Every structure is written in structure tokens, then in C-alpha cells.
Amino acid sequence: MALPPILSWENLGLQQGGRWLFGGPDQEPINLHVGPRDRLALIGRNGAGKTTLMRLIDNRIEADRGERKIKPGARIVFIEQDPDFTPFATLMDFALAGSDGPERHEVESIAGQLGIDMATSAASASGGEKRRAAIARALAQSPDLLLLDEPTNHLDLGAIDWLEDWLTRYRGAFIVISHDRTFLKRLTRATLWLDRGTLRRKEVGFGGYEAWEEQVYAEEARMAEKLDARLKIEAHWLERGVTARRKRNQGRLEKLHQMRAARAAMIGNLGTAKLGLASDEEFKSKSVIVAEGVSKSFPAHPEPVEGREGSPSAHTSTSSARADKGARPIIKNFSLRIQRGDRIGIVGANGTGKTTLIRLLTGELTPDSGTVTIARNLSGVMIDQQRRLLGENRTVREVLAEGGDWIDVRGVRKHVQGYLKEFLFDPGIVDTKVGTLSGGEKSRLLLAREFARISNFLVLDEPTNDLDLETLDLLQEVIADFDGTVLIVSHDRDFLDRTVTITLGLDGSGKVDVVAGGYEDWEKRRRQPNGKAKSPPPAPPASGPSTGSGRARLAEPQGEVSRSGVGRPKLSYKDQRDYELLPARIEELESAIARGEAILADPDLFTRDPKKFADTLKGIENARSEKHAAEERWLMLAEQVEGQGQEIR
């Protein structure tokens, strides 16, 4: 028997700015039902109304039509994209605020696992610290329905892994908006697609979303053939904007793999950072940045940050080695030759030295020892995640074209409205104030502005934050077609796998691993016996694990129990077997689901082999049902283990 939904919206409609955002007279009504164990990805373009829909679900804004029903006693918790910390002195004050605030010990437990000091001043906290604090507050409230709006923004890879693990074992429902494809593929079981005022639902995780999307657009195109020419043009744009772009990206991925293979051939033994060519003269002619034996340390008590030493130009920065007592090594004996056309990804936990490495490579920071040589003709563009170049009161036209109608795009004169189309904007927004745009639209506008400049060197600091999936596809295109060199700092694993030729991995010890390939290639290196061991999870708080009740407690990282069975709870033989074997079975089912979703990702599968598409979809649904039952069974057994004072395996 199906369980009643936690939340339902019937005939939902909302007007915004004098027009119906969704649920209008000429749109299909929105009906939304969220079950107790739903894992939903909410997908849609920037500006489609995804965050607005989340706010309606959380009852933060009032709809113009429709009826909202919520299960009695159900708790809905919303992790906003940019929560307001200004009224609070510390992060803990933020976490405990309000009549519905969680218990302090619950917050401390989760904050300890996330590695965040809740006594930090809210005014001086970084974006990553604020994001962790918001997560700690939300999870400590033991929600029945968790709403997550870009939860991985500002998080490092360790924190993302922790959140994925927590959500995997979480017993409630969640709806997530995210640009992180890997995050969505690993966690979601169904997809909500908000498109042109209509909300569609498909019982398939994000791995099957793109095939479903193309199926819908193809059907719309067939219907449009029977209508007038204007609709035909719109249908053609849909096919060209989605299917054709994806096919082009397949060609670019093949080219990327070839570039990675070429770079791998240049790298010596594992862990060697120097890259060489057959002819040193030939290599020097292609090099844009050469780092040799670079080391950098900072004292235990940070000194004022050094200022910019000027824009990159032909120079060699060098310094004698320092041996300050108590200094912390950030970069140790790092060497790398970066060639024209390289796409360098930089990964690592927050605080491991990614920003320091960027500043060393761009000449902004002088090394303690070693040299960094930068080519004379290197002309750089820096795109950071703070969007400092945009003014809230400026119009889109002013940002792009200084108030005029034309913009110079890398030496080519283009009309500003035509250029907006290239970055997936409606040309009609040209006189719109920047402050009224969504976070994703602001990021896209900044990309449009900066990519118009003539440059041969791009530095992208978390460029994927707030972008929708289609804009990410576009950004991958732009990077692939860019003639110069690119440095990318990102925690978006899928984006790195699709764009970079070399990955620099930092672990906080000062050593920099140089790996030909993307994030997955770096992970494989770390998993090798002779590679670097995986970083341990954040230590729990000194006060010990939470003794509170509810889902937040059950979702904490699991301790280890001896395989010998000593100290095991008194389970029946069958229960004990299930308790031991179910985790492996769940992993097998997850692998089967991933394989099925990979098959569905083929954009031509539905038209080429409808039976295989249907059989694969059915197989995924069956595997999801079995996985759901296995998770429920394991959680029940885990509660028995925990209730008898044993550690959960």
C-alpha cells in the first residue's frame, strides 16, 4: 500500500512581474506530490522558477492559485542558496535561531563531522563556512522533507562526499536543485523538470534525464510539423539547442581524450611533476608558464596578504628559501611546464592551497624558493565566484556594451542582443537591471562579458556555481574552442572530467599530484596502492556523537565493528546475515542503476531501439524498488544494533 504524500500542491499558479511564471491560463496546471522517500532532482533553466517553486513548497511565499496540503506533524526544512547571516554574531547564533531551531548538541555533532567551528564570526566567515553552517542547522532539525538549493556551492570535495553519504542513508524525502551532475546521478531516483511554466515528473534519476528531455523535445518537434512555420522554427531551435549541442560535445570529448593521452605520454613516473618534450627548444617555444622547484610556506599566524605584483608579463619570480620556525608548508618543490592550449584543473579540500597555487602560477605571489617564469605575451582574464564586476543597479546593456548597441567580441563587432542569444539569454532582457537577475543568470552574464575580451589565458574560480545544466554545456563548448590556456579551480567533478587535460591535486601536505586527465583520473591515482591515501573524514567533535533521536542521528558516519563478530548485537541468524550482506547488495544495485542510466543517456536510443529503451527503464525501476527495500531493511536492523549500544557498521 502506497504511503500518503508528505506534501501536495494542486493546481499551483504564481504570477511574477505581471506575468504567470507557471500555472497560468495558457499553461498546464502544476500538480506536485512528494512521497515520504522521494529523492527528486529539480531541473530547469536559470530563471525558470526553480528556487521560487522551492519557496512555495516551504510556504515562504503565497501562490496566486492552488491548494497546498502537508502531512500533519511533517517538518520541511529549506537550505537556501544564499541564506542571510547579517543579523547574527556567530555561525552558531544563525544555526540555533528561531522557534524551530535545533538543539545545540545536534548542531555541534553535525558541525564537527563537517569540520566547521560554529563560534566563527558570521561577518568574517567564508562562503564555505556559511554553507556548512546552513547544512548543520538544516540536518540537525531532522526534517521529513529537505529542500536543497545548490547545496554543493562553496563546499570542497570532502564535504560533498560527506553530504552525499548522509543523504544516501537519510530516511526522509528531499528535492535538490544542483548543477553538479555527479551529485545528482548518485542520489536522485526521480526528476522534476520545470520547463516553460510546466512541471513534468519522470520516475527516473538524473542519469536518465537527458534522454527523457530529448524524447520530449523530439515529440514536440513532430507535433510542430503539423502547425505553422513559427512553431517549426521554435521546435528547430529546441532540437538545435539541445540535441545538436550534445552531439557536438561528444566530438569535443573525443578530442579531449586525445589531448589527455598526449599529455600522459609527456609525464614521467607517477608523482613526477615535470613535463618534457623531445626537443627542449620546441618545448620552450610552446610554454606559457614554467614553475621549477617552487615552494611556499606561511607562518602559523598569518601575515597580511601580499598585494598584486602587476599583471602577468615576462618575468621570473624567485626568492631564497625561508626556514621560518612554525611555518606551514603550502606548496613543496612543485615543478610544471604549462603549454599553450592546456586546460589545468586544480582540486583539493578547502585550505589545502589551491588559491596559493593559482597566485604563484599567475605571478601574483612570490615563492619562497624556486622560480615561476611567465611568457611575455600572456594576457589573462580572471572570473571569480563573487561576480565583483557586476553592479546591481547597472543594466545588462551597460555591463556588456557600456550602454551602446554593439560589443566587440574578441575583435569581431556584434549586436548586443545577438550576443545575448549566444549565451542563452532572451534578447529582451537587454535593458533589465542586473539586480533582478537570478544567481545563475548573473554568472552567465559575467561569462558573456569576460569571454568577449581578447585574451590567451583564463583563470576560472568555481565557474559552475549557480549555472544551469544547459549553460554548463555551453561553458564546456567555450572552453573547448578557446585558443589559449585555462586554469580551473572547481569542485564540480563532472565538469572537470569534461574539460581539463591535466589535474593538479592538493592534499594539504604541500605535495601537488600531477595527473593527466580529469577528476576521475585523479581519484583512480589516489585509490592505487602506491598512490596517495584518501584523506580521512573530519574528526567528530570532542563532546562525542549526538545522543539525540531522529533521522539526523541515524545518518551520521558509521563506525567500524570487528568482522570477528565480537560485541555484535543478538540478532537472529537471518537478521545478522542481512545486516552483513545488504550493504554489498545495495552497492550492486546502485551499479546496475548507473549502468542502466548510462545506456539511457544515449540520445538516439529511444528512436533507434524503443524496446531496449523501455526494457532498460523498467530494469532501472525494478532495481530502484529492490534497493529501496534493501535500504529500509538495513536501516531497521541498524536501529536494532544502535538500540543495544553497539556501533553501526
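**Contacts, cores and packing in the predicted model**

Q16 touches L21 and T52, leaving out residues up to four places away in sequence. The structure described here is a predicted model. Q16 lies in strand 1, which spans residues 7-16. Its relative accessibility is 38%, so Q16 counts as partly exposed; the class falls between the cut-offs of 20% for buried and 50% for exposed. D64 is 48 residues from Q16 in sequence. In space, the C-alpha atoms of Q16 and D64 are 9.8 Å apart.

In soluble globular proteins, nonpolar side chains tend to be buried together. Here the largest nonpolar core holds 89 residues. Within this core, the residues that touch the most other members are M118, L146, L167, L400, Y419 and L445. A separate, second core has 29 residues, and L40, L147, I175 and L194 are among them.

Two helices come next. Helix 4 covers residues 127-140, and helix 5 covers residues 157-169. Their axes are 12 Å apart, and the helices pack at an angle of about 15 degrees. Angles under 35 degrees count as roughly parallel, so helix 4 is roughly parallel to helix 5. The crossing of helix 4 past helix 5 is left-handed. Helix 4 contributes R132, I135 and L139 to the contact. Helix 5 contributes A159, W162, L163 and W166.

The strands complete the description. Strand 11 runs from residue 287 to residue 298. Of its 12 residues, 10 are buried, so strand 11 is largely enclosed by the rest of the structure. Strand 11 is joined to strand 13 (residues 328-339) by eight bridges, and the two run antiparallel. V294 has F334 of strand 13 as its bridge partner. Strand 11 is also joined to strand 15 (residues 369-374), here by five bridges, and this pair too runs antiparallel. The bridge partner of S295 in strand 15 is S369.

Definitions and conventions: Residues numbered from 1 in each chain as written. Predicted model: local features only at pLDDT ≥ 70, side-chain atom pairs only at ≥ 80, totals over all residues. Heavy atoms only, no water. Helix = DSSP H or I, 4+ residues; strand = E, 2+ residues; numbered from the N terminus. Buried < 20%, exposed > 50% of the residue type's maximum accessible area, 1.4 Å probe, protein only. Contact = heavy atoms within 4.5 Å. Core = buried A, V, L, I, M, F, W, Y, C linked by side-chain atoms within 4.5 Å. Pairing = 2+ DSSP bridges. Axes fitted to C-alpha atoms, helices over the stretch in contact; angles between N-to-C directions. Parallel < 35°, antiparallel > 145°, perpendicular 65-115°, else oblique. Left-handed = near helix turned anticlockwise from the far one by under 90°.
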